[in-house]
Amino acid sequence: MTTHEIHPVLGVGFGPANLSLAVALEERGRTGLAHFIERSAGFQWQQEQLLPGADIQNNPFRDLAMQRNPDSPHTFVKYLAAQGDLTGYLHLNAKFPLRREYSSYLAWVAEAFRDQVDYGRSAAHLSLVEGDDGSELFCVETDDGGRYLARSVSVGTGRSPRIPYVFQKGLGESVFHSTRYLTSMEHFKDKPIRVAVVGASQSAIEIILDLLGRPNVRQVTAVHRSIGFRLKDTSPYSRQVFLPEFVDYFHSLPSAKKRRLRNELRSINYAACDQDVIDRLVGVQREYDLTGSDRLVMKPFREAVISRPHGQGHRMVLRDINHLTEEILDTDVVILATGFRDFGGEPGDEPYHPLLEGIAHRLPLDEDGTPVVARDYSIELKTEAGTSRPLKVYLNGLCEASHGMGDAGALAMLSVRATDIVDSILRHDTRGREELLAAGTAP
């Protein structure tokens, strides 16, 4: 017998993706339809990358609601006005707002939905259980013994960090992914250290600039497989990948053509950087060259083939990917600015989000062994005998392989994607609608 409350929609994770879902539901008068759990103690977004001068690389008006409803109380403009800072922001004439400012905007919106979120609850397992009426329900168990039942689930946790194989067994206090940058660097703030940064992404160059501003950092070595930090493709034509029309075009393609197109468009979002940070780093490097300093060392066309503890630090063996020559790099800290894992059958990919392991036997799979995700961002579980209706789990911000680069953590697609998911939820969850009517909370 089921004794727990049954949520029509349970959101796992309460970052920008599921926050945008909450905003969209409110606009449709369905605030009571969804409940959320979030592992952090409070709302946060990119806390480990709130570096001085870092911006969001996204038009701030493509926010949680503007494209769908310019009159929403949850737009970036409304936030600035509420802070009494609209004129000040416009006076800056900045192309993009600082990451710290946008993080504050998102937290401001999240506060309006605090009653719908259980913070400090980390989802550990997802399974299926039988309800009192014999229907199937999702069951999310948390790492502290909590248990949540729902008719639909929206997974908005973000993707898993990509950890190159050579570093997987050595992760710890001094070898860590960029998603742990600021917290991890606190351990070394009073120690003279050498740091290796692996990767050629926007995060990598931002971290290098931040490290060079820290007096205790003696040397920074940038290790990457490419020639250097390449310029991001910011052409309006290329950036059509962040439009809903492109999602329609991309989603209908066969898997092989999706893979080819993603690789072709890779420089729009991956292993590429904005002009401003490239200019900053080149200027710093020139200063070091003129003074004979070796504080910044570039190691292009290199990959780490061995990483192991060595004395009080780490020793890496780097291989030139073209000449196949090897060299030793000794360092104290290794930071992996190596991005995130995609869903797919390529080396290093995940077949699906780890939380879906408990329902893997019910996932419909394509020829690559990855779940079939519908245009509305849902996976409709395979039905079993006696099942009254198919269950749906929504991947909110996890669908780059099926929906294109606009789903690669891009803020630009938040409100559009949330609209699609809400439309699907309201079509699918008639029981949730009936519950709201009975409770007198539906319009």
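Which residues of α1 are buried? I began with this helix and then widened the view.

**Entry 1: basis of the model.** I worked on a predicted model, in which local features need pLDDT of at least 70 and side-chain atom pairs count only at pLDDT 80 or more, while totals for chains, interfaces and linings use all residues. Residues are numbered from 1 along each chain as its sequence is written, and side-chain values use heavy atoms, with hydrogens and water left out.

**Entry 2: helix α1.** I found Pro-16, Ala-17, Asn-18, Leu-19, Ser-20, Leu-21, Ala-22, Val-23, Ala-24 and Leu-25 to be the buried residues of α1; buried means under 20% relative accessible area, exposed over 50%, and partly exposed in between (1.4 Å probe, protein chains only). That is ten of its twelve residues, and the helix is mostly covered. Helices (H or I, at least four residues) and strands (E, at least two) are DSSP runs, numbered from the N terminus. I noted that the buried residues of α1 pack against β1 (6–12), β2 (34–38), α4, β6 (147–155) and α11 (414–428), where contact means heavy atoms within 4.5 Å. The end C-alpha atoms of α1 are 16 Å apart, which agrees with the 16 Å that its twelve residues should span at 1.5 Å a residue; the expected span is 1.5 Å times one less than the number of residues. Gly-29, with a positive phi near 70°, follows α1.

**Entry 3: helix α4.** I then turned to α4 (residues 99–111), whose 13 residues reach 18 Å from first C-alpha to last, close to the expected 18 Å. Its buried residues include Arg-99, Glu-101, Tyr-102 and Tyr-105. Their cover includes α1 (16–27), α2 (76–82), α3 (86–92), β3 (117–119) and α6 (202–212).

**Entry 4: Asp-274.** I located Asp-274 in the loop between α8 (255–264) and α9 (275–291). Its relative accessible area is 10%, so Asp-274 is buried. Leaving aside neighbours within four places in sequence, I listed its contacts as Asp-55, Gln-57, Gln-202, Leu-231 and Lys-232.

**Entry 5: the whole protein.** I counted twelve helices and 16 strands. Of the 443 residues, 52% count as buried. The C-alpha trace spans about 75 × 50 × 45 Å along its principal axes. Among contacts with a separation of 6 or more, 70% join residues 24 or more positions apart.
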